[in-house]
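Biologist: Hi, could you walk me through this one? I'd like to ask a few quick questions as we look at it.

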Amino acid sequence: MEQSKILSANSTIAAYGFASTAFANAYIRMDGQGVTKNTSPGGGVVNAQIGMGPWEQYSLVPQANGTFGLVSRQWTNVAVRMGDEMIAQGQRQVNCQFGVGPYETYRLLVTGPNLFTFESTAHAGWYLALDTLGQTKPNGAGVGKVFGTQTLDAKAQFQFTPGT
């Protein structure tokens, strides 16, 4: 899908899955159960899943500054958040937040034909990344991890898959 088609679509209605380019059939997954109000550390779980179902679908919600919030289609008003906490060497925590604020906005960057990355606006030079190394089957709790990275490689590149 071309950037112009994504950006010209009514993103608050259109549903997308974000498929990893590094791992076959792996998507960003969100479990936003219990995330019903804004809290400073965020909450819920953002990890990965093999295959795309309702927990792996998002709307790109345009913000006034030309950025986007990645808002779950399953969990009302719950967005993907990249926080300040480091979870490993060179990896930032990614979880959920109720609503879209500075930690929940991203620049959509084209990295190749039909390839995109999400750069955090709160942490310039940090990108969403997904890793499901060794996982080939879905699991109810998700598989692998989603994290922030400064390495713009295949783990930080995604293809948009139309949702339902």
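Predicted model: local features only at pLDDT ≥ 70, side-chain atom pairs only at ≥ 80, totals over all residues.

Biologist: Thanks! And where does R29 lie?
Modeller: R29 is in strand β2, residues 26-31. Helices (H or I, at least four residues) and strands (E, at least two) are DSSP runs, numbered from the N terminus.

Biologist: Is R29 buried or exposed?
Modeller: R29 counts as buried, because its relative accessibility is 2%. Buried means under 20% relative accessible area, exposed over 50%, and partly exposed in between, with a 1.4 Å probe and protein chains only.

Biologist: You listed W55 among the contacts. How far apart are R29 and W55 in space?
Modeller: Their C-alpha atoms are 5.6 Å apart, while in sequence R29 and W55 are 26 residues apart.

Biologist: Let's zoom out. How many helices and strands are there in the protein?
Modeller: The protein has one helix and 12 strands. Along the sequence, the pattern is α-β-β-β-β-β-β-β-β-β-β-β-β.

Biologist: What share of the residues is buried?
Modeller: Buried residues make up 49% of the 164. As for contacts with a separation of 6 or more, 62% come from residues 24 or more positions apart.

Biologist: On to charges. How many salt bridges does the structure hold?
Modeller: Two. A salt bridge here is a side-chain nitrogen of Lys or Arg within 4 Å of a carboxyl oxygen of Asp or Glu. One pairs E104 with R81, with the closest N and O atoms 3.8 Å apart. This pair links distant parts of the chain: E104 is in the loop between β7 (91-98) and β8 (105-112), and R81 is in strand β6 (residues 78-88), 23 residues apart.

Biologist: Are E104 and R81 buried or exposed?
Modeller: E104 counts as buried at 4% relative accessibility, and R81 is buried with a relative accessible area of 4%.

Biologist: Which residues form the other bridge?
Modeller: D131 and K155, with the closest N and O atoms 3.1 Å apart. D131 is in strand β10 (residues 127-131) and K155 in the loop between β11 (145-149) and β12 (158-162), so this pair also links distant parts of the chain, 24 residues apart.

Biologist: How covered are those two?
Modeller: D131 counts as buried at 14% relative accessibility, whereas K155 is partly exposed at 29%.

Biologist: Last topic, backbone angles. What is phi for N25?
Modeller: About 60°, a positive value although N25 is not a glycine. N25 is in the loop between β1 (16-20) and β2. N77 has a positive phi near 60°, and is found in the loop between β5 (68-72) and β6.

Note on methods:
Residues numbered from 1 in each chain as written. Heavy atoms only, no water. Contact = heavy atoms within 4.5 Å. Lists of a residue's contacts leave out its neighbours within four places in sequence.
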